[in-house]
Amino acid sequence: MATAAPPPGAQPPGAARLSGATPVTRVTPPVVDEDSAFYWAGLRAHRLLLQRCEDVECRRVRFPPMPGCPWCGGVGSSIVESSGRGVVYSQVRVHRAFSDAFAADVPYVVATVELDDGCRVVGRVEPEERSAIGAAVEAFHHDHGEWTELRFRVVAGVAGVAGVAPASAASAASAASQASAEPVGAGDGGTGA
Ligand SMILES: [Zn+2]
C-alpha cells in the first residue's frame, strides 16, 4: 500500500500539542449536556442532586444522570438532594499524574462511593491516607474557576488504616472521636454553612 511521503517540514497530527507548546495546567471542565445540567448546577450551588425514579414500585435513586431508569425502564424522574453521606465502595490511589494539572496532587484517591441514598457516585476522597474500602465519607464541594467538583472527606476510617486503631483496641471510640473532630457538612443543603 503506497502512502505519499509528507512534505518537508510537515508535522504529524497532534505534534504541536505533544510538543508541550500548550501544557495542560488546569483541570478540564466537565462536558455538560441536557441530562446532566441539573447535576452540575447543583454542585455549583454546593448541593448534591440526584434523580429518583417516579415509578411507585421503583423509586430508586440513580447516577449518572440519564433520561430513563436503569432498574425499571421508567422515564419519569424527580430531582432529590442527597445527604452526601456514604461509604467507599471501591477506590484507586493515583501515584503518577497523567497531566501537569494533577502533578501537585499525587498521591490522591478516586473512589466509587455508595451513598446512603442507594446509588454510587465517583469522586476524590480526602485525606487520601485515610481512605479505604468501607470508610464512612461525606461529600464536600471543591470549586474550580467555572465549575465545581464533587469530593468526599473521611468521617470514620477503617481499622488498620492510617490514623485508625486496629479493631482489637478501643477502635470504636477512636473512630468516633475522629469523626466528631471533623467538620460535618450538614449545612450543605443550601444554608450556606
Ligand atoms: Zn425505576
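The largest nonpolar core holds 24 residues, and those with the most contacts inside it are Val-88, Ala-111, Val-113, Val-125, Ala-135, Val-137 and Phe-152. Such a core is a set of buried Ala, Val, Leu, Ile, Met, Phe, Trp, Tyr and Cys residues joined through C-beta atoms within 7 Å. Its largest share, 5 residues, comes from strand E8, and at least three residues come from each of domain 1 (30–81) and domain 2 (83–183), with bounds taken from an automatic or database domain assignment. In soluble globular proteins, nonpolar side chains tend to be buried together.

This is a predicted model, where local features need pLDDT of at least 70, side-chain atom pairs count only at pLDDT 80 or more, and totals for chains, interfaces and linings use all residues. Residues are numbered from 1 along each chain as its sequence is written.

Now for the strands (DSSP runs of E, at least two residues, numbered from the N terminus, with helices being runs of H or I, at least four residues). 5 of them close into a barrel in the order E4-E5-E6-E8-E7, with mixed pairing; two strands pair if DSSP finds at least two bridges between them. E5 (residues 108–115) and E6 (residues 120–126) pair in the antiparallel sense over 6 bridges.

Most residues other than glycine have a negative phi, and most peptide bonds are trans. Yet the bond from Phe-63 to Pro-64 is cis, and so is the one joining Val-106 and Pro-107. His-46, not a glycine, has a positive phi of about 60° and sits in the loop between helix H2 and strand E1 (49–53).

Key. A residue is buried if 20 or more other C-beta atoms lie within 10 Å of its own, exposed if 12 or fewer, and partly exposed in between; C-beta atoms are placed from the backbone.
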